[in-house]
Amino acid sequence: MITKYVDLMIVGAGPVGLMCAYLANLCGMSTVIIDKSTGPLEVGRADALNARTLQLLEVAHLFDELYPLGKPCNTSSVWSNGQFLSRQSSWWNALEGCLHKHFLMLGQSYLENLLDDKLKKQKAQVLRSMSIKDIRVSDDSCFTTLSNEEIIQSRFLIGADGAHSFVRDHFKIPFEITRPEIIWAVIDGVIESDFQKVPEIIVFQAETSDVAWIPREGNIDRFYVRMDRFDFEVEEAIQKINNAMKPHSLTFKEIVWFSAFSVKESVAEKFFTHDRIFLAGDACHIHSVNGGQGLNTGVADAFNLIWKLNMVINFSADKKLLETYESERKPVAKSVIESSGELVRSTKYSASGTHAEDYVKIVEKRAGNITGMGIRYENNGLEGTRIYDFEVFQGESKTRLYSLLDYTKFTLITFGKLEKEVLLAPFIKHIHIHEKEDEKDSTKFWTKNSPYKNQAVLVRPDSYIKSIVPIEKVDLLL
């Protein structure tokens, strides 16, 4: 018996599934999430939000609550035999149109718990300790049978259920996995050390660059240790850290989380199937943790997908729009695997024996992926690139462009003198930004530093540029 009808059925209550539900509810869509877990994550897993994710969180009104909890980090250093070799942050400092030029080091659990709390306030259902028995697709609906025999009917279904995705397997979507035979230990804990703690990523160059020290929120630090076998104890990983740090050393006062994982790489053959089924996050792409791209890529999947579903469900857009989710996000997933794969292999293979230095050079080369700011959806011009963030004033009050964007709508931004009235569709918000302050009207927005002077820019809900024309041709955008 069908017990509920919703717009979106979401399988998986990790950060990607929760983000999909949160964004969908912002847009007025109804959702149900199902997950085997008893609650949001408490410790472990992803540890960093990149600069692009921070911008997206701004658009979704999540930034202000998350940002104070984390630790900014935009510097990587290399040490060998107790000696400092190099320090780099140029790829962050060179970013344009970006206020927060750094990672925010913050455990995945903080994002999950915030989203879970937001969904409760939205009165959205998260069904935990629950699994799926079957999914059936008709011409106009999905029918999901739960482990308690309830059946939920939905217009669309999103599989955000991780690397071992039930949804992906149920629809027999190929997911061929490459295993480069590289195994890591990861330890989160509170430490004591005679090596001075600094808010930067430190790679220790011993026989290999097999230890990375990652700063975390609060008094926690994380260590990645390359082990290359699964049958080890935590004490062996700690000993390897101390070998790499010589002549310095450390001890763990408290271990908060410890895990071992082997590197696996894959991209699903399809991200969209049966006209109603989507995959997002680890369900459609998995890779090494190197470069901190996993959570960030999955969150970007959610931001790309949900506004398109909003346009189809609430504004009767052509369903072909949904096909662009795969055509835009699959190439991104492949590029992420290329960058993380090059990074992780450099920790094991180095012709010159300078593993850590090689690693940092690759980070610089792959900075577009690692910072998130190099992701684009078109090959030419400004279309498909992220809209730049910059200071905007309203009278004497200062804000920023990203604070004015709204995920539930497109935004038409006109810069300079607008000679004609603009007639907008209900899903488009208009912001007119003048070149100077209007002393008679303090409600008008203005800026001196626009990179889009005398242009009209139509911005997608996920803050990428849809199209841009000279301001006198603004009608071409509508």
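Trainee: Which residue of β27 does alanine 456 stand opposite?

Mentor: The general idea comes first: strands of a sheet pair through backbone hydrogen bonds, either parallel or antiparallel. In this structure, which is a predicted model, alanine 456 stands opposite valine 469 in β27. The pairing of β26 with strand β27 (residues 465–470) is antiparallel and extends over five bridges.

Trainee: How many residues lie between β26 and β27 in their hairpin?

Mentor: Five residues separate the two strands of the hairpin. Within the turn, serine 463 has a positive phi of about 65°.

Trainee: To which other strand is β26 joined by bridges, and in which sense, parallel or antiparallel?

Mentor: Strand β23 (residues 410–415) is joined to β26 by four bridges, and the two run antiparallel.

Trainee: Is strand β26 mostly covered or mostly uncovered?

Mentor: In a regular strand the side chains alternate between the two faces of the sheet. As for burial, β26 (residues 455–459) is mostly covered, with four of its five residues buried.

Trainee: In what order do the strands of the open sheet with β3, β7 and β4 lie?

Mentor: The order is β3-β7-β4, with antiparallel pairing. The edge strands, β3 (48–49) and β4 (71–73), each pair on one side only. Between β4 and strand β7 (residues 103–105) there are three bridges; cysteine 73 has phenylalanine 103 in β7 as its bridge partner.

Trainee: How many residues does the largest nonpolar core have, and which have the most contacts inside it?

Mentor: A nonpolar core is read as a set of buried residues joined through side-chain atoms within 4.5 Å. The largest one here has 103 residues, and Leu8, Met19, Ile158, Ile306 and Leu309 have the most contacts inside it. Helix α8 (residues 294–315) contributes the largest share of this core, eleven residues. A second, separate core has 25 residues, including Ala51, Trp92, Tyr359 and Ile370.

Trainee: Which residues does leucine 8 touch?

Mentor: Leaving aside residues up to four places away in sequence, leucine 8 touches Ala24, Met29, Ser30, Thr31, Val32, Ser154, Phe156, Ile158, Ile306, Leu309 and Ile313.

Trainee: How many cavities of 30 Å³ or more does the structure hold?

Mentor: Rolling a probe the size of a water molecule over the atoms shows where empty space is left. The structure holds two such cavities of 30 Å³ or more. Two or more lining residues come from each of α2 (51–59), α8 and α9 (323–346). By class, the lining of the largest cavity has six nonpolar, seven polar and two charged residues.

Trainee: What is the volume of the second largest cavity?

Mentor: Its volume is about 60 Å³. Among the residues that line the second largest cavity are Ala51, Glu58, His100, Asp389 and Arg400. Helix α2 supplies the largest share of this lining, four residues.

Trainee: Which residues lie nearest the centre of the second largest pocket?

Mentor: Of the 20 residues lining that pocket, Trp307, Leu321, Phe410, Arg460 and Lys466 lie nearest its centre. The pocket holds about 340 Å³ of space. Helix α8 gives the most to its lining, with three residues. The lining of the second largest pocket divides into twelve nonpolar, two polar and six charged residues.

How values were computed: Residues are numbered from 1 along each chain as its sequence is written. This is a predicted model: local features need pLDDT of at least 70, side-chain atom pairs count only at pLDDT 80 or more; totals for chains, interfaces and linings use all residues. Side-chain values use heavy atoms; hydrogens and water are left out. Buried means under 20% relative accessible area, exposed over 50%, partly exposed in between (1.4 Å probe, protein chains only). Contact means heavy atoms within 4.5 Å. Two strands pair if DSSP finds at least two bridges between them. On a 1 Å grid over the protein atoms alone, a cavity is a set of points where a 1.4 Å probe fits but cannot get out, and a pocket is an open set with protein on both sides within 12 Å along at least five of seven lines; lining residues have an atom within 4 Å of a point. Grid points are joined across faces, edges and corners, and a volume is the space filled by probe spheres set on the points. Ala, Val, Leu, Ile, Met, Phe, Trp, Tyr, Cys and Pro count as nonpolar, Asp, Glu, Lys and Arg as charged, and the others, Gly among them, as polar.
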